[in-house]
Amino acid sequence: MPENEGEHQGGQQADPQGEHQGERKPGEGGDKKRKRKSRERDETPPPAPEPLPVPVGDSHTHMDLQEPAAAAIIEAADRVNVRTLVQVGIDVPSSHTAAALAAEHERVHAAVALHPNEAPRLVLGDPDGWSGQRRGPGGRPALEAALAEIDKLAAEDQVRGIGETGLDYFRTGPDGVAAQQDSFRAHIAIAKRHGKALVIHDRDAHEDVLRILLEEGSPETVVFHCYSGDAAMAEVCAERGYYMSFAGNVTYKSNQALQEALRVAPLNRILVETDAPFLTPLPYRGRPNAPYLVPYTVRAMAVLRGMDSEAGLAELCDALDTNLKDAFQVQA
Ligand SMILES: [Zn+2]
Ligand SMILES: [Zn+2]
């Protein structure tokens, strides 16, 4: 597997904004591998694309990390036919936020979890304030207590997914791997116990993610959020019935292995997501992402799959919408 500097396979390397966990303004003691651009980031929201012919959803977004209030984000998405949103938690507070947003808005559904980078921070502490929370080491009891909170939230009806969980070997060193893997195993158990979809964050950890899923036994529904594997891995995922959710980085020219994966993935196993505010699709890479930008990614996916005729695009949208509703067992 090639070494990746970017967020989820070449995703964010040109972007000073980190992924999740308040990493948008990382301290100097942060990740040494991260490249930074010296130029100012353009924070202007990109213009709205032409609406899609058939409604789709955004299978993975973080509205709490985006600029406008949730109601405005939902409305802007609605105007371009992006109707269903899955709001994803990364720690206990944001998982509560996700559950609350989903309770409040009919077409917003929640996923709750401890991000793979949150688990080591709970156990080992976060002395450099990298997560913005400056916590001391809580040891195993802190992880157990947080998992118990996630388990409680998982019982709520508007919570349709357990995620994002998984493994992230890019940002966590060897000292954090045990906490990450234990947390991932615990989330697999929670997903199975509550019959909810497991939403996986897999960064530079394909083999271990696939192995642990086999060891624990996969939940009925598994979604690889911001899918970052190649075509060979897509075939493994397809065989096992896993969903692969493609983000804006599939539009980046350098991501040819990812584009090849999209070409071979079965139509009934693909999803689209923003992972907003991260991974803005072309032609607006580097600017703030939001669910209303999904059509840019969908149209690029249509070209990559040879479905860019009017009928082809409608068929792709229809499949993406059906797959999202099936994966998260929602009506709208
Ligand atoms: Zn992620
Ligand atoms: Zn995410």
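**Close-up views of a predicted model**

View 1. Val 223 stands opposite Tyr 243 in β7, in a predicted model where local features need pLDDT of at least 70, side-chain atom pairs count only at pLDDT 80 or more, and totals for chains, interfaces and linings use all residues. Residues are numbered from 1 along each chain as its sequence is written, while chains are lettered from A and ligands numbered from 1 in the order in which they are written. Strands β6 and β7 pair in the parallel sense over two bridges, where pairing requires that DSSP finds at least two bridges between two strands. Strands (E, at least two residues) and helices (H or I, at least four) are DSSP runs, numbered from the N terminus. From β7, Tyr 243 and Ser 245 point one way and Met 244 and Phe 246 the other way, and all are buried; buried residues have 20 or more other C-beta atoms within 10 Å of their own, exposed ones 12 or fewer, and partly exposed ones lie in between, with C-beta atoms placed from the backbone.

**View 2. The eight-stranded sheet.** The strands form an open sheet in the order β1-β2-β3-β4-β5-β6-β7-β8, with parallel pairing. Because β1 and β8 stand at the edges, each with a single partner strand, one side of each is left without a neighbour in the sheet. From one strand to the next the twist averages 25 degrees, with angles running from 0 to 180 degrees between N-to-C directions and axes being lines fitted to C-alpha atoms, for helices over the stretch in contact. Strand β5 (residues 197–203) pairs with β6 in the parallel sense over four bridges, and Ile 200 stands opposite Phe 224 in β6.

**View 3. Helix α7 and its surroundings.** In α7, Met 233, Ala 234 and Cys 237 are buried. Seen down the axis of α7, its buried residues fall within an arc of 105 degrees, so they line one face of the helix; the arc is that of the directions from the helix axis to the C-beta atoms. On the other side of α7, Val 236 and Glu 239 are exposed. The cover over the buried residues of α7 includes α6 (206–216), β6 (222–225), β7 (243–246) and α8. Just after α7, Gly 241 takes a positive phi of about 80 degrees.

**View 4. Helix α7 against helix α8.** Helix α7 (residues 231–240) packs with helix α8 (residues 256–264) at an angle of about 35 degrees, their axes being 8 Å apart. Ala 231, Met 233, Ala 234 and Glu 235 in α7 meet Glu 260, Ala 261 and Val 264 in α8, contact being defined by C-beta atoms, placed from the backbone, that lie within 7 Å.

View 5. Eight of the 11 residues of helix α9 (residues 294–304) are buried, so α9 is largely enclosed by the rest of the structure. The buried residues of α9 include Val 294, Tyr 296 and Arg 299, and what covers them includes β1 (56–61), β2 (82–88), β7, α8, β8 (270–272) and α10 (310–328). Helices α9 and α10 pack at an angle of about 115 degrees, with their axes 10 Å apart. In this contact, Val 298, Met 301 and Ala 302 in α9 meet Gly 312, Leu 313, Leu 316, Cys 317 and Leu 320 in α10.

Terms used: Two residues are in contact if their C-beta atoms, placed from the backbone, lie within 7 Å.
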